Amino acid sequence: MNTRQSAVRLFGLCVLGGVLLAGAVSPVVLGAGALSNQVSNSVGTIAADLVTDNPPLVTTVTDRDGTPIATLYDQYRLPETAAQIAPAMKAAIVAVEDRRFYDESGVDVKGMARAAVHDSAGGGLQGASTITQQYVKNYLINVADRGNKAAQLADKEDSIGRKLREAKMAVQLGQTMSKDNILAGYLDVVEYAGNIYGVGAASHAYFGTTADKLTVPQAALLAGMVNNPNIYNPYTHPGAAVQRRNLVIDDMVSGGSLPAAAGADAKAAPIGVLPGGPLTPASTCMGASADAGFFCQYAETYLQQAGFTADQLDTGGYTIKTTLDPKVSQTTKDAVDANVPTTADGVANTFAVIQPGQDSHQVLAMVANRNFGNDPAKGQTSTNIVADASNKFGAGSSFKIFTSAAAMVTGKAGLNTPLPNPPSSCFTPPNANKYTSCYPVSNDGTNYPDPITVADGLATSPNVAFVGLESQVGMPAVLQMAHNLGLRNTLATNDDGSAPITDPADARSKNTQYDQPQSQYFQDKLSFTLGDSPVSPLEMANVSATLMSGGTWCPPNPILSVTDRNGQAVPVQQRACEQVIPSGVANTLMAGLSRDTTIGTSAAAARSAGWTRPDIGKTGTTQNSESVAFVGGVNDYAVSSMVFADGPHPQEICPGTPVHLGNCGHGAFGGTVAAPPYFHSMSQLLAGQPDQAIPGPDPAYSN
């Protein structure tokens with residue numbers, strides 16, 4: 001720095017000192033020519049925000065009983081009031097950072113004078129920052145300008161303008177806040193190492209205690225870290241951290257807040273931090289328990305689709321009470337883990353449970369043998385395989401539900417209508433021309449009657465009869481029925497497994513999710529009723545819930561309530577429920593589905609499990625047994641269980657203990673592999689509860 005530059009900066013700092021002195025005397029801080037123009041016009045607004053605006057807090061996600069299942073945050077912070085901070089912590093931070101804190105008016109004019117002399121001699125802009133000024137600086141960096149890198153750089157720049165802005169705001173704060181509240185506010189926004197902010201979180205993370213119980217050695221270590229959290233990190237630089245801690249203790253003794261003998265004892269104490277690193281909760285749904293990760297992620301996505309931003313969820317300090325039922329969730333998780341181990345090579349087993357209702361379809365469980373995470377070696381996946389259309393092989397013959405419902409609604413067939421059912425046939429696709437080949441279909445075996453009724457067909461699942469019925473009803477009606485009953489996201493994908501549309505605004509722009517199905521891809525695909533396209537396990541459970549709710553579709557809802565950091569309710573926009581089919585159709589279809597576990601494709605597994613309850617069910621098995629499914633419901637539980645190949649080299653799924661990939665000749669079926677977790681989990685959950693009868697068919701839709 002040359003002599004002229006030094007003179008200019010000295011003049012600037014002298015002006016700054018004069019301005020601050022005026023500010024300390026008067027609420028109105030006078031301008032200082034060109035220097036004052038460097039100060040943001042929003043100083044007053046930001047100063048007021050420091051009093052009223054809240055820093056980022058941790059959002060807590062709970063189950064329906066209020067037990068936390070996950071935390072979401074950008075900054076790990078546990079806010080504390082002045083009364084909740086130990087006197088030792090207050091004394092330590094004042095001793096090392098600002099001894100004149102209780103006597104000054106937000107700025108230290110003497111310190112500013114020293115800084116001016118030092119700077120004029122060629123040193124960097126230094127010193128003179130009171131705790132109040134540091135509160136301003138840390139608030140700007142960690143709260144007001146969080147996420148704005150350009151603004152944060154300005155908050156940290158070595159300039160007179162930045163110092164003046166901080167100082168003017170500090171003076172204003174000194175006139176509007178008590179010293180105790182300024183000190184508590186400062187200790188709430190300062191950054192520690194490892195994404196830890198504030199003394200409350202630091203007390204818990206480093207010592208496993210609360211801010212009001214900090215001892216002198218603990219308080220001194222935390223006060224010392226504020227100067228440079230990385231250099232004085234007790235885990236990475238324990239020697240430097242202890243040296244800094246002891247310096248703080250010496251400052252406490254020399255400042256009169258700690259007797260010399262107590263100071264000597266404190267300096268002799270071990271570093272005392274928790275072993276193994278700071279104790280902080282996971283910041284995403286990947287930190288949830290094994291039975292709650294997929295559910296948590298779905299709840300987070302659901303709220304974003306309802307208008308919450310990801311940043312709001314990570315910083316708002318909300319309490320999100322979900323619909324997750326811990327008993328249902330853990331019981332179904334145990335069932336799928338017993339069926340397919342978590343680390344099974346290339347095989348996933350998903351299970352979703354929804355509570356039917358006329359005004360809400362509450363999601364009770366979303367589990368899989370896989371866990372939500374980033375380590376494939378541990379059986380983890382970062383894809384929500386329960387909510388998304390992640391089963392790219394499909395749900396097999398369970399899609400015959402849609403063809404049957406469409407036939408009833410359009411009057412093409414009733415429950416007892418006989419359908420042509422030869423062993424094989426070849427059907428002309430819609431919109432065919434003279435060059436279009438017919439679509440060949442054959443039944444799995446030759447023991448099916450010809451003709452076969454819709455009711456018997458739902459139980460025994462012949463392919464020819466249902467492709468013929470689909471051809472008669474027409475693809476538009478079948479696709480619309482699939483959409484109406486619940487495949488809102490699923491129908492935004494296709495056989496190639498393209499990502500489904502999940503953003504409501506984007507969906508509306510494409511006339512897909514929430515409005516009508518993206519059906520063009522499937523319009524000429526008679527294979528649709530055989531369920532060979534990607535599908536969402538959660539949405540298939542919601543199909544059952546729609547039938548069990550008398551034909552009322554509701555979005556699969558994971559949210560009971562959201563409250564803000566002050567305990568006030570926050571409204572969540574919900575899509576209204578819709579009566580998508582007449583209740584008579586729903587009841588008639590359920591009557592047809594009620595025989596699957598007694599004489600149908602899952603009857604053998606039901607007998608093996610000792611299952612005798614009245615229920616509904618439909619199994620599905622894809623062409624090469626790369627995916628099998630059971631979709632159904634009992635009492636107040638609508639479910640889907642799917643087992644499918646999820647690895648890079650998909651193969652036939654083979655039954656056994658455990659279920660596995662292989663070349664087993666005739667592979668798994670929905671009844672042999674996907675249904676058992678349903679029988680086992682529901683038997684436990686419904687133990688001691690009475691049966692609930694399945695409604696009888698409506699004569700209007702029976703013939």
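## Charges over rings

In this predicted model, K179 lies over the face of F101, at 4.6 Å from the ring centre. A second case involves R488, whose charged end sits over the ring of W553, 3.7 Å from the centre of that ring.

## Aromatic pairs

The structure holds 15 aromatic pairs. One of them joins Y192 and Y206 in an edge-to-face arrangement, with 6.4 Å centre to centre and 65° between the planes. Y192 belongs to strand β4 (residues 191–192) and Y206 to helix α10 (residues 198–207), so this pair ties together parts that are 14 residues apart in sequence. Y192 counts as buried because its relative accessibility is 0%, and Y206 counts as buried at 1%.

Ring pairs link F399 and F402 with F522 and F528 into a cluster.

## Packing of two helices

Helix α4 (residues 87–97) packs with helix α11 (residues 216–225) at an angle of about 40°, and their axes are 8 Å apart. The two helices are therefore oblique to each other. The crossing of α4 and α11 is right-handed.

Which residues of α4 and α11 make the contact? On the α4 side they are A88, M89, A92, I93, V96 and E97. On the α11 side they are V216, A219, A220, L222 and A223.

## Backbone features in loops

Most residues other than glycine have a negative phi, and most peptide bonds are trans. Several places in the backbone may be read against that background.

A cis peptide bond joins D450 and P451, with omega of about 5°. P451 is found in the loop between β13 (439–442) and β14 (452–453). Another cis peptide bond joins T657 and P658, where omega is about 5°. P658 is found in the loop between β22 (652–654) and β23 (660–662).

S625, a residue other than glycine, has a positive phi near 55°. S625 is placed in the loop between β19 (616–621) and β20 (627–634). Is S625 buried or exposed? S625 counts as buried, because its relative accessibility is 5%. N635, likewise a residue other than glycine, has a positive phi near 50°. N635 lies in the loop between β20 and β21 (637–645), and N635 is buried, with a relative accessible area of 10%.

Technical notes
Residues are numbered from 1 along each chain as its sequence is written. This is a predicted model: local features need pLDDT of at least 70, side-chain atom pairs count only at pLDDT 80 or more; totals for chains, interfaces and linings use all residues. Side-chain values use heavy atoms; hydrogens and water are left out. Rings of Phe, Tyr and Trp (its six-membered ring) pair if their centres lie within 6.5 Å; planes under 30 degrees apart count as stacked, over 60 as edge-to-face and the rest as tilted. Helices (H or I, at least four residues) and strands (E, at least two) are DSSP runs, numbered from the N terminus. Buried means under 20% relative accessible area, exposed over 50%, partly exposed in between (1.4 Å probe, protein chains only). A charge sits over a ring if NZ of Lys or CZ of Arg is within 6 Å of the ring centre and within 35 degrees of the ring normal. Axes are lines fitted to C-alpha atoms, for helices over the stretch in contact, and angles run from 0 to 180 degrees between N-to-C directions. Angles under 35 degrees count as roughly parallel, over 145 as roughly antiparallel, 65 to 115 as roughly perpendicular and the rest as oblique. A crossing is left-handed if the near helix is turned anticlockwise from the far one by less than a right angle, and right-handed if clockwise. Contact means heavy atoms within 4.5 Å.
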